[in-house]
Amino acid sequence: METIRKIPVGWQTMLVMVLLVTSALFYFIHYLLFRDPHHIFIFLLGDMAFVPIEVLLVTLIIHRVLSEREKKTLMEKLNMLIGAFFSELGMPLLRLLSEYDPGCDTIRDEIKGKSFSKQGYPTLKQQLKTHDCRIDIHEGDLKALRDFLFEKRDFLLRMLENPSLFKHDTFTDLLWAVFHLMEELVYHKDLDRLSEADSRHISKDIKRAYDLTLLEWADYMKYMKENYPYLFALAIRTNPFNSRTMPGIGGGHRERRGT
């Protein structure tokens, strides 16, 4: 005869049973004291009539308040991760990628402290989205870009493994674009002798990573202006487009081409 497995009783099931038994016990005590079932059923029906209203209040109001609080907490954690990304990788990456953008000086003119205000930011975001970025692969140092990204490979992998980022689609897309760019550059052993097809492909990868990083950086700057103005003041002074003299990754400074 096959042994019947006992279904484990969880704490939720036990709690339901205890509450039901407790409620029945109090109704029984009420009946013993007053011997008035009519009165019991009147209040029972009234309580049951209020249940839909109670569910409505819980689901639409309390649940919404708790969801908003949970969402705010999640966004705080996400912005901490995004801040770590830009401190460790994003800011120097923007400096490197902007070298391939002949029109990056127009971005410098658009990025001003007041542009990140609630009134000015929508205009700035639209300008960045429509920025005519024509990547010139010969303007930057592909080897320096490859070495920098490969050095940050472990950091990128740790970011991609973080489950919290799955709820931030645009930032996840940014991480994958940067990771793909790194893999593409590492794949080509001799970056000085790229075929025309390879040059076009890498140009598209650079543009994708550049556009996504730029837009995500703008969102992060707006967040810092609203929540951490003292950090924003430093970030706006040291942003990658603040000056035509840009810090090099390996230390020191180097002038952008064309100056």
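**Figure 1. Leu 145 and its contacts.** Leu 145 touches Leu 93, Leu 96, Leu 97, Tyr 100, Leu 181, Leu 185 and Ile 206, leaving out residues up to four places away in sequence. Contact here means heavy atoms within 4.5 Å. The model is predicted: local features need pLDDT of at least 70, side-chain atom pairs count only at pLDDT 80 or more, and totals for chains, interfaces and linings use all residues. Residues are numbered from 1 along each chain as its sequence is written, and side-chain values use heavy atoms, with hydrogens and water left out.

**Figure 2. The largest nonpolar core.** This core has 57 residues, and Phe 116 and Leu 145 have the most contacts inside it. The elements that give two or more residues to the core are helix 2 (37-98), helix 3 (104-110), helix 4 (121-129), helix 5 (142-151), helix 6 (153-161), helix 7 (169-187), helix 8 (196-227) and helix 9 (229-237). A nonpolar core is a set of buried Ala, Val, Leu, Ile, Met, Phe, Trp, Tyr and Cys residues joined through side-chain atoms within 4.5 Å. Buried means under 20% relative accessible area, exposed over 50%, and partly exposed in between (1.4 Å probe, protein chains only).

**Figure 3. The protein chain as a whole.** The chain has 9 helices and 2 strands, in the order α-α-α-α-α-α-α-α-α-β-β from the N terminus. Helices (H or I, at least four residues) and strands (E, at least two) are DSSP runs, numbered from the N terminus. Of the 259 residues, 34% are buried. Among contacts with a separation of 6 or more, 73% join residues 24 or more positions apart. The accessible surface is about 17300 Å², and 61% of it belongs to carbon and sulfur atoms. Accessible areas come from the Shrake-Rupley method with a 1.4 Å probe; for residues, only the protein chains shown count as cover.

**Figure 4. Thr 213 in helix 8.** Thr 213 has 0% relative accessibility and therefore counts as buried. Apart from neighbours within four places in sequence, Thr 213 is in contact with Phe 86, Gly 90, Leu 93, Leu 94, Leu 174 and Val 178.

**Figure 5. Helix 2 packed with helix 6.** Two packed helices are described by the angle between their axes and the distance between the axes. For helix 2 and helix 6 the angle is about 170° and the axes are 11 Å apart. Helix 2 is therefore roughly antiparallel to helix 6. Leu 81, Ala 84, Phe 85, Glu 88 and Leu 89 of helix 2 make the contact with Phe 155, Leu 156 and Met 159 of helix 6. Axes are lines fitted to C-alpha atoms, for helices over the stretch in contact, and angles run from 0 to 180 degrees between N-to-C directions. Angles under 35 degrees count as roughly parallel, over 145 as roughly antiparallel, 65 to 115 as roughly perpendicular and the rest as oblique.

**Figure 6. Glu 88 and Lys 152.** Glu 88 is found in helix 2 and is partly exposed, with a relative accessible area of 35%. The side chains of Glu 88 and Lys 152 make a polar contact (2.7 Å). A polar contact is a pair of N or O atoms within 3.5 Å; within protein, one must be able to donate a hydrogen and the other to accept it, and residues adjacent in sequence count only if both atoms are side-chain atoms. The C-alpha atoms of Glu 88 and Lys 152 are separated by 8.4 Å, and the two residues are 64 residues apart along the chain.

**Figure 7. Helix 8 and helix 9.** Their axes come within 6 Å and cross at roughly 140°, so helix 8 and helix 9 are oblique to each other.
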